[in-house]
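Have a look at the model below. We'll go through some aromatic rings and then a couple of individual residues.

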Amino acid sequence: MSDLLENIDCVIFDFGEVLIELDYPRIIAGFSLVAKRNEEEISELVVTAPLLQELEIGKITPEEFRDGVNKLLGISLNEHDFNIIWNSMLKNLPKERMDILEKVNATFDTRILSNSNVIHEEAFNKMIEEVTGKSSLHELVNKCYFSQDIGLRKPYRNCFEYVINDIGIDPGKILFLDDRADNIAGASETGMKTFLVSDAETQLKELFN
C-alpha cells in the first residue's frame, strides 16, 4: 500500500465521484425540459437555492424539497417523476471501487463522509444492492456520516470536527479522500491527512494496491 497510509488507523472516503460516478448536468437537463427554462436558470434556481442545503442537512423533508423546487420552477412534478430526474445524476457504481472499499475496510477503520440527501440515498442503496448484494453502504464500512443524518455539511470545519470526535482518535491518524478541493482544505484545517481524488479509477488502485 501507499506510503500515505503509514501511521493511518482510519480511512474516510467521500462517496460522490470517489466511489460512485456522478453526472450533475443530467439533473439540469431533465428539469430544463419540463420547466421550459434554459439550463443556466435551472442551475441557479435548483443547485444554488437554500432548499438544497436544507435538504442535505435534514432541515426539510423530501416532500418539502420537491414542493419547493416545483414552485421555483413553476412545474408540478409528482414524486415519482421528480425523483427520476433528481436521481438521474447517479450515473454508475463501479464494482471494482466497491471491492477496494471492502478490502480497505478489512485493514483499516473505514468510514464514509458525504453531503447527501434521503432521495439520493434510497436510490444509491438500490445500486449498491445490485452491485454488491449488500443492502446499503452501512454494510460495507464501519460507519457512514451522511449530512442529512448529522445535520452538518462539508466543507465546514464543524462537520469534520464532529466526525473526528466521534471516531475518537488523533486526526493525524485519519486519511480523508475527496474529489473537491474545498472539502480537502476543510479537512486539512483539522489536522487530518488528506488526498485529493481527481481520477478515482486509477488513484484508488494505486493508493490501496
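## A buried phenylalanine pair

Phe-124 and Phe-146 are both buried, meaning under 20% relative accessible area, with over 50% called exposed and anything in between partly exposed (1.4 Å probe, protein chains only). Their ring centres sit 5.8 Å apart with the planes at 50 degrees, so this pair is tilted. For pairing, the rings of Phe, Tyr and Trp (its six-membered ring) need centres within 6.5 Å; planes under 30 degrees apart are stacked, over 60 edge-to-face, and the rest tilted.

The pair ties together distant parts of the chain: Phe-124 belongs to helix H7 (residues 118-132) and Phe-146 to strand S5 (residues 143-146), 22 residues apart. Helices (H or I, at least four residues) and strands (E, at least two) are DSSP runs numbered from the N terminus.

## Other aromatics

Searching the whole structure turns up nine aromatic pairs. One aromatic cluster is made up of Phe-31, Phe-65, Phe-82 and Trp-86.

Ile-60 is in the loop between helix H3 (50-56) and helix H4 (62-73), and counts as buried because its relative accessibility is 15%. Leaving out residues up to four places away in sequence, Ile-60 touches Leu-51, Glu-54, Leu-55 and Phe-65, where contact means heavy atoms within 4.5 Å.

Arg-97, in helix H6 (residues 95-107), is buried too, at 9% relative accessibility. Beyond neighbours within four places in sequence, its contacts include Glu-17, Glu-21 and Glu-201.

## About the model

This is a predicted model: local features need pLDDT of at least 70 and side-chain atom pairs 80 or more, while totals for chains, interfaces and linings use all residues. Residues are numbered from 1 along each chain as its sequence is written, and side-chain values use heavy atoms, without hydrogens or water.
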